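Please brief me on this structure.

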Amino acid sequence: MNTASMPARRPLTGQWLVRGRWPGRLFLGLVLAVIVWKLTVSVLAGPTIFVQQLINGLQLGFVYALIALGYTMVYGIVRLINFAHGDVFMVGAFISYYAIAQFRLHEWPGRLFTGMAPAASIAIGTVTVMVLSMVVCAVMAVVIERTAYKPLRDAPRISALITAIGVSFFLEYFGALDFVFSPSFITYVRPFPVRTWYILDGIHLLEAGQTRPDGSITFSNILVIIIVVSLLLLLLLTVFVRRTKTGKAMRAVAFDKPTARLMGIDVSRTISVTFAVGAALAGAGGMLYAIAFSSIVFWMGIIPGLKAFIAAVLGGIGSLPGAFLGALIMGQAETLAGAYVSSPMRDAIAFTLLILVLLYRPRGLFGEPEREKA
Amino acid sequence: MRLGFNRSTAVFMLGCAVVFAVFQFLFSAGILNDFWYTLVRIGAVMAIVSIGLNLIYGFNGQFSLGQWGFYAIGAYAAADITYRWTQLHNTSGLMVLLLAVLFSGLAILLLGKYLNQVRGLDAMSAFAIYLLFVVLAILLGASVARPLIAPTTALLNALPEAVSGQVVFFLAVSLGGLIAAEVSFMFGLPILTLGSDYFGIATLGFTIIIKVLLDNTDTMFGLTEMKGARGMVGIPKETNWFWVFFFLFVVVVVTRNILHSSTGRAIVSVREDETAAKAMGIDVAQMKTLTFVVGSLFAGLAGGLYAHTNGFLHPQNFNFIRSFDPMIIIVFGGLGSITGTVIASFAWALVLEGVLRIVLPEGFETWRFVVYPLLLLVMMLLRPKGLLGTYEIPFLRAALPKRRKRETNSTSGVAQAPVGTSTGEGG
């Protein structure tokens with residue numbers, strides 16, 4: 001066909017104005033400007049309240065980080081949004097609840113060695129409970145992976161996603177049965193008493209019955225424990241992924257499955273290990289979340305699970321530091337939105353954030369550019 | 001081309017008429033009581049929602065969990081219109097929404113014609129431009145509507161009460177659908193560019209956001225009649241067997257006609273292989289948007305019908321957990337089967353909500369949601385295409401292309417199709 005004979009395209013009126021990406025960038029700029037302005041106003045209005053919100057956000061962010069790591073690892077390795085991950089988190093919370101409230105497992109060192117310092121006894125006991133819920137969650141995740149996901153590994157991705165949704169429902173409503181967990185809210189029994197400190201010219205212990213002095217910032221031992229435990233687990237995970245042979249295999253499988261298989265890596269086993277490690281972190285996260293918010297119910301895992309997934313996307317799915325940082329941002333965004341926009345809108349904020357990230361930076365903060373579409 | 005009905009069409013129409021008449025008789029004679037009457041209507045409503053979702057996911061391959069959000073939008077919009085008509089005796093809801101929808105729809109259409117020719121505009125920029133104009137159009141429509149409220153109220157009052165109620169109801173349900181469609185267009189504009197599972201999560205987020213907004217309708221938007229988290233009451237119970245049947249019939253026929261057109265084949269080709277579809281000259285983005293909008297339109301219609309079934313709406317009914325219901329229905333009924341969707345919807349309503357509730361002893365009701373996902377898992381492992389697969393009754397089945405005379409051997413015709421078409425239609 002002779003192109004020269006075709007009529008020339010009439011230039012579109014106003015093409016110079018609407019072409020390019022600037023309207024979208026402008027829109028994003030406006031949204032960001034409104035957020036920054038709102039935050040600045042609120043910081044100037046009450047700096048201590050703002051810092052207090054940041055601390056609350058930190059607590060939430062670290063819990064999200066523990067869940068988000070499992071999401072990002074599993075997604076990085078099998079490209080599956082593991083909906084059931086949030087419910088594994090719920091199971092972790094319930095296991096620790098029963099271990100503490102029914103079996104008093106957090107007191108075992110004190111009972112075994114009478115005369116042991118109560119603080120040391122509770123510390124060792126609490127760690128035992130946490131390890132127990134991590135192990136239970138890991139075993140459960142491997143069972144789920146073997147029975148539900150493995151047969152679908154070569155099926156379309158969406159079939160696996162629907163299966164994951166099914167597993168998630170099953171765990172929730174199975175847990176809601178009377179003889180399994182409970183259909184209603186349960187008040188969580190904390191293994192240790194809550195201590196609160198306030199910062200006002202130095203750090204002081206807030207005595208029982210004492211109200212917080214004006215202009216002070218408070219934090220509790222729960223916050224400290226959550227941060228310490230999360231950082232410790234993160235360190236362990238990093239060492240595991242970077243330094244061990246299994247960790248190396250995980251990275252290899254995530255990078256290129258067929259080649260990893262050719263190199264003699266047991267792909268199936270590696271995937272199971274990934275699920276187990278992710279679920280163990282989620283189990284620990286579930287316990288910490290329950291300690292922080294002291295109320296558990298069978299559907300408690302859904303929303304934190306989704307938010308942790310969003311955090312993983314925000315940080316760049318497949319990237320461990322990304323998931324961690326994304327979760328911290330998520331925690332801050334949620335508490336700040338709850339404090340300064342409107343409390344019921346905090347769930348909506350998370351998803352708005354997700355949509356904006358996916359649109360403007362689909363690979364997240366730390367993600368690698370998509371190599372090929374799976 | 002033969003004129004008139006062919007055999008499958010005649011059988012389908014006759015079958016519909018018989019089903020309608022039989023159920024109408026059963027309900028009006030009181031053989032099926034109110035419990036079953038409600039369930040049948042809910043089943044039909046679910047069928048409409050699920051057909052919309054099947055269009056989006058089953059036929060176009062976009063994994064959407066946002067169907068329930070559009071359903072909620074349709075329900076609340078339609079309920080607001082009829083509530084204002086029956087309780088406040090004016091057409092304020094009807095006229096404002098009608099003109100806002102008309103103006104913004106017009107803005108979208110005109111802008112779409114223009115922006116489609118613009119090169120190098122990314123999705124977010126298009127979204128920003130559309131948003132600006134749609135907001136302006138809605139404001140314009142609302143201000144134009146104000147002076148029209150009094151005359152239209154007088155006009156509708158001149159009609160007999162039964163007739164005006166039905167007219168307002170019909171308009172309300174239709175407008176609910178159109179509003180859902182416009183929202184889905186605006187939302188789909190940026191979202192449809194995402195990959196399949198990200199799209200699923202984003203649409204799930206949409207459903208969650210809608211639920212949160214519905215919880216705060218009275219405090220955040222000043223729509224006091226919706227009563228926020230306490231639930232909206234006082235909606236006239238206008239939805240009867242005729243209306244649900246009518247809308248279901250229209251939806252089935254419209255879906256069938258879309259799918260059998262060249263647009264429909266383009267829609268299905270996007271599901272099969274996006275890259276190949278693009279290579280064949282199909283505007284993939286446009287097909288995705290079209291399917292998403294039509295599917296959401298159906299969800300909105302169904303929402304309107306649902307709102308007028310019980311006369312009561314609560315944000316909890318639009319919890320995002322429920323957005324898995326239509327997903328499960330289409331997975332069972334068959335991804336890409338209208339027949340299967342309709343059957344599965346009625347089965348869902350009548351068996352899961354009806355029979356099991358009666359048959360099972362008191363405490364066993366909670367077991368429903370344990371068995372339900374297990375069935376889903378077994379389905380995904382054994383029959384991932386759904387119970388009926390892509391089976392259709394003859395009327396809904398895509399007509400086979402007319403055999404060309406020159407093709408003597410059918411097998412060689414298929415095998416050589418690429419060569420044959422390139423010589424026949426290329427150039």
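**Structure briefing**

Trp197(A) has Leu205(A) as its bridge partner in β3(A). Strands here are DSSP E runs of at least two residues, helices are H or I runs of at least four, and both are numbered from the N terminus. This is a predicted model: local features need pLDDT of at least 70, side-chain atom pairs count only at pLDDT 80 or more, and totals for chains, interfaces and linings use all residues. Residues are numbered from 1 along each chain as its sequence is written, with chains lettered from A and ligands numbered from 1 in the order in which they are written.

**Strands of chain A**
- β2(A) (residues 196-199) and β3(A) (residues 203-206) run antiparallel, joined by four bridges. Two strands pair if DSSP finds at least two bridges between them.
- These two strands form a hairpin with three residues between them. Asp201(A), in the turn, has a positive phi of about 55 degrees.
- β2(A) also runs antiparallel to β4(A) (residues 217-220), again with four bridges. Here Trp197(A) is partnered by Phe219(A).

**Helix α2 of chain B**
- α2(B) spans residues 34-59. It bends by about 30 degrees at Leu53(B), the angle between axes fitted to the seven residues ending there and the seven starting there.
- Of its 26 residues, 21 are buried, so α2(B) is largely enclosed by the rest of the structure. Buried means that 20 or more other C-beta atoms, placed from the backbone, lie within 10 Å of a residue's own.

**Contact between the chains**
- Chain A gives 42 residues and chain B gives 39. Contact means C-beta atoms, placed from the backbone, within 7 Å.
- α7(A) gives the most to chain A's side, with 14 residues.

Key: Two residues are in contact if their C-beta atoms, placed from the backbone, lie within 7 Å. The expected span of a helix is 1.5 Å times one less than its number of residues. A residue is buried if 20 or more other C-beta atoms lie within 10 Å of its own, exposed if 12 or fewer, and partly exposed in between; C-beta atoms are placed from the backbone.
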